[in-house]
Structures are given as C-alpha cells and as structure tokens.
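Hi,

Here is the structure I promised to pass on. Have a look at it first, and then read my notes below.

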Amino acid sequence: MSGHDFPGGFEGSYLGRREVLKPHSRLECKICWWVYDPAVGDPTWQILPGTPFADLPSHWRCPNCDGLADQFLMLPDAEPDSEPGPAGDL
Ligand SMILES: [Zn+2]
C-alpha cells in the first residue's frame with residue numbers, strides 16, 4: 001500500500017484550508033487559546049455575530065495575540081446528532 005502521509009501537519013490544524021470549515025465551526029488559537037465563535041463574532045475586528053471563520057477577512061489575525069488565522073485549530077463539534085467527523089482512519 002502506498003501511504004498518504006500528512007505533510008507534517010497535525011490533527012486539528014486546518015492548515016488554512018477554509019473549505020474544511022463548517023459555518024458554525026469554532027476555532028482556537030494555538031498560541032493563546034483564544035476561541036473564535038461564529039455565533040459571537042469578533043468585536044475587536046468588527047466581525048459581526050454569525051460570521052463563519054471562513055468568511056473572515058484574509059488579513060484577520062487573533063485579536064488577543066496577533067497570531068495568523070492559519071494557525072488556528074478547529075474545535076470538535078459539540079452537536080451530538082451531526083456526523084461523527086473525520087477522526088477515524090479514512
Ligand atoms: Zn492568539
């Protein structure tokens with residue numbers, strides 16, 4: 001079997017691939033643990049509540065530590081009746 005290795009990434013990091021994000025996905029800054037919640041938005045950047053992470057401006061950074069958006073980590077879905085997610089071995 002020819003493997004399909006992850007290129008140095010680690011689980012939970014979306015690596016800037018915004019297409020894997022869901023509209024309600026929350027993401028956590030891996031530097032300072034600040035969490036972006038789409039339901040809340042980001043008053044610091046004047047991001048309105050209901051704005052998905054994927055719709056943030058490309059120059060958006062962590063309002064707490066100024067970290068890049070690409071280093072945010074997806075938090076697991078809390079909704080029990082949604083899909084199990086890609087945590088398996090696919
Ligand atoms: Zn941060």
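Of the 90 residues in this protein, 13% count as buried, where buried means that 20 or more other C-beta atoms lie within 10 Å of a residue's own, exposed means 12 or fewer, partly exposed is in between, and C-beta atoms are placed from the backbone.

A word on ground rules. The model is predicted, so local features need pLDDT of at least 70 and side-chain atom pairs count only at pLDDT 80 or more, while totals for chains, interfaces and linings use all residues. Residues are numbered from 1 along each chain as its sequence is written.

On confidence, the mean pLDDT (the predictor's confidence in each residue, from 0 to 100) is 83, and 72% of the residues reach 70 or more. Where pLDDT is low, the predicted coordinates should not be read in detail.

Now the fold. The protein has zero helices and three strands, both taken as DSSP runs numbered from the N terminus (H or I, at least four residues, for helices; E, at least two, for strands). The strands make an open antiparallel sheet in the order E2-E1-E3, with pairing meaning that DSSP finds at least two bridges between two strands. E1 (residues 27–29) joins E2 through two antiparallel bridges, and Glu28 sits opposite Val35 of E2.

Leaving aside residues up to four places away in sequence, Tyr36 touches Arg26, Leu27, Asp42, Phe53 and Phe72; contact means C-beta atoms, placed from the backbone, within 7 Å. Of the contacts with a separation of 6 or more, 54% link residues 24 or more positions apart.

The loops hold a few things to check. Most residues other than glycine have a negative phi. Trp33, in the loop between E1 and E2, has a positive phi of about 70°, and it counts as exposed because it has 11 C-beta neighbours inside 10 Å. Asp66, in the loop between E2 and E3, has a positive phi near 65° and is exposed, with 10 other C-beta atoms within 10 Å. Leu68 is also in the loop between E2 and E3, but it is partly exposed because 13 other C-beta atoms lie within 10 Å.

Best wishes

Technical notes
Two residues are in contact if their C-beta atoms, placed from the backbone, lie within 7 Å.
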